[in-house]
Amino acid sequence: MRHQGPLRHRAAYVAFDRFPSSKGSAVHIAQMADELFTRFEGGLLAAIGGGDLPRYQREGTREVARFDAAIPNLIDRAEAFSGWVAAHLRPHWETLEVCHVRDPWSALPAVADGRRHTVVYEVNGLPSIEMSHTWPWAAPATLGKIRELERFCLERSDAVVVPSRVIGDAVRGLGVPEGRIHLVPNGADVRDRPERPAGAPERYLVYVGALQPWQGLDVLMRAFARLADLPGLRLVVCASVPERRAKPVRRLAERLGVAERVDWRFALPHHEVAAWLAHAEVSVAPLTGCARNLDQGCAPLKVIESMAAGVPVVASDLPAVRELMADGRHGRLVPADRPAELARAVRILLEYPEEAAAMGRRGRAHIEESLTWARSRARLTEVYRTLTRGR
């Protein structure tokens with residue numbers, strides 16, 4: 001790695017995620033890494049790069065290094081990333097106090113024998129479960145090896161941070177003691193309402209996020225088809241992925257006869273997504289009832305950010321979602337994978353706009369009182385303080 005004068009960091013944040021990006025994970029990484037580096041007066045952020053992202057950046061005492069090797073096979077790429085992380089941590093081995101990681105491939109080099117630093121393992125998802133949905137052709141033996149790698153790294157970490165109680169239960173099921181698990185929820189910033197996006201429809205529902213099958217876009221499209229009698233109503237999909245990833249969902253929209261009423265926006269900057277949220281009549285989070293969302297759990301940032309924008313939410317009634325919002329108070333919770341129920345809940349909110357607006361106001365107040373990034377960052381820094389106090 002090139003330095004403008006050598007730096008020896010006290011903190012590192014490592015993630016097998018592209019950073020920055022338009023995905024919710026990048027929003028989370030930016031907040032958590034900033035808190036870590038503020039506490040330790042700088043640090044190294046090691047993440048995935050590629051495209052037009054530079055391999056190396058430095059601003060004062062903060063450095064960003066990006067892994068950009070073009071390795072098609074996901075497992076091979078993850079293993080290569082792990083070796084790359086080990087090489088980038090080595091110069092800081094004697095000064096490092098905290099290494100914060102987000103996945104087993106980031107964690108493996110951090111929990112190596114002979115370390116003097118503490119390791120905080122942030123579990124937003126378990127690849128052994130995620131990959132069975134992302135890559136359904138993955139061999140059971142491969143998933144089993146990943147599960148063992150997760151167990152190994154979790155056992156050797158000093159603290160495990162989770163964004164929801166459901167994920168905490170999953171981690172506890174892997175043998176992590178209760179005392180090492182710390183709940184640090186996702187958050188949002190409550191800001192003044194931004195200007196209406198240029199070209200925004202007069203009336204629209206909004207979906208924000210990625211397009212993997214577990215997000216439930218097929219359910220949303222089928223529900224939207226049941227709202228065809230509502231004049232002028234459109235659906236805006238703010239997808240966090242490139243346009244090519246939307247082909248299956250767009251084909252479904254065409255078959256259902258709703259394609260002409262759906263507006264697509266791809267990989268928008270975060271502040272532009274916030275504007276689309278703020279002026280929607282309803283925000284929809286149709287997560288499916290699959291093992292990825294139930295057994296492992298999730299912590300949907302789209303729900304929190306929608307409430308922070310003052311918009312009523314219609315979401316799937318899953319345990320992780322119930323941690324964030326209350327049915328009938330901040331929006332409506334409906335059974336997962338039920339297009340008719342989803343459409344009915346949306347229709348009722350549209351028919352009673354005053355009550356919908358009240359739900360939006362209560363949701364915004366709930367975020368301001370309980371789920372801001374400032375509160376989450378304070379919880380995280382307390383984890384760091386507790387771990388380093390005795391060292």
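Modeller: In this predicted model, two strands are said to pair if DSSP finds at least two bridges between them.

Colleague: Which strands stand at the edges of the open sheet, each with a single partner strand?

Modeller: The open sheet is formed by eight strands in the order 3-4-2-1-5-6-7-8, and the pairing is mixed. From one strand to the next, the twist averages 20°. Two strands have a single partner strand each, so one side of each is left without a neighbour in the sheet, and these edge strands are strand 3 (56–59) and strand 8 (181–183).

Colleague: Which residue of strand 4 stands opposite Leu45?

Modeller: Strand 2, residues 43–48, and strand 4, residues 62–67, run parallel and are joined by six bridges. Within strand 4, the residue that stands opposite Leu45 is Val64.

Colleague: What angle does the direction of helix 2 make with that of strand 1?

Modeller: Helix 2, residues 74–89, packs on the sheet, where it touches strand 1 (11–18), strand 2, strand 4 and strand 5 (98–101). Taken against the direction of strand 1, the direction of helix 2 makes an angle of about 160°.

Colleague: How is helix 11 oriented relative to helix 14, parallel or perpendicular?

Modeller: The axes of helix 11 (residues 301–308) and helix 14 (residues 353–370) come within 7 Å and cross at roughly 110°. Angles of 65 to 115 degrees count as roughly perpendicular, and therefore helix 11 is, relative to helix 14, roughly perpendicular.

Colleague: How many nonpolar, polar and charged residues does the contact of helix 11 with helix 14 have?

Modeller: Helix 11 contributes Ile304, Met307 and Ala308, while helix 14 contributes Gly360, Gly363, Arg364, His366 and Ile367. By class, the residues of this contact are four nonpolar, three polar and one charged.

How values were computed
Residues are numbered from 1 along each chain as its sequence is written. This is a predicted model: local features need pLDDT of at least 70, side-chain atom pairs count only at pLDDT 80 or more; totals for chains, interfaces and linings use all residues. Side-chain values use heavy atoms; hydrogens and water are left out. Helices (H or I, at least four residues) and strands (E, at least two) are DSSP runs, numbered from the N terminus. Axes are lines fitted to C-alpha atoms, for helices over the stretch in contact, and angles run from 0 to 180 degrees between N-to-C directions. Contact means heavy atoms within 4.5 Å. Angles under 35 degrees count as roughly parallel, over 145 as roughly antiparallel, 65 to 115 as roughly perpendicular and the rest as oblique. Ala, Val, Leu, Ile, Met, Phe, Trp, Tyr, Cys and Pro count as nonpolar, Asp, Glu, Lys and Arg as charged, and the others, Gly among them, as polar.
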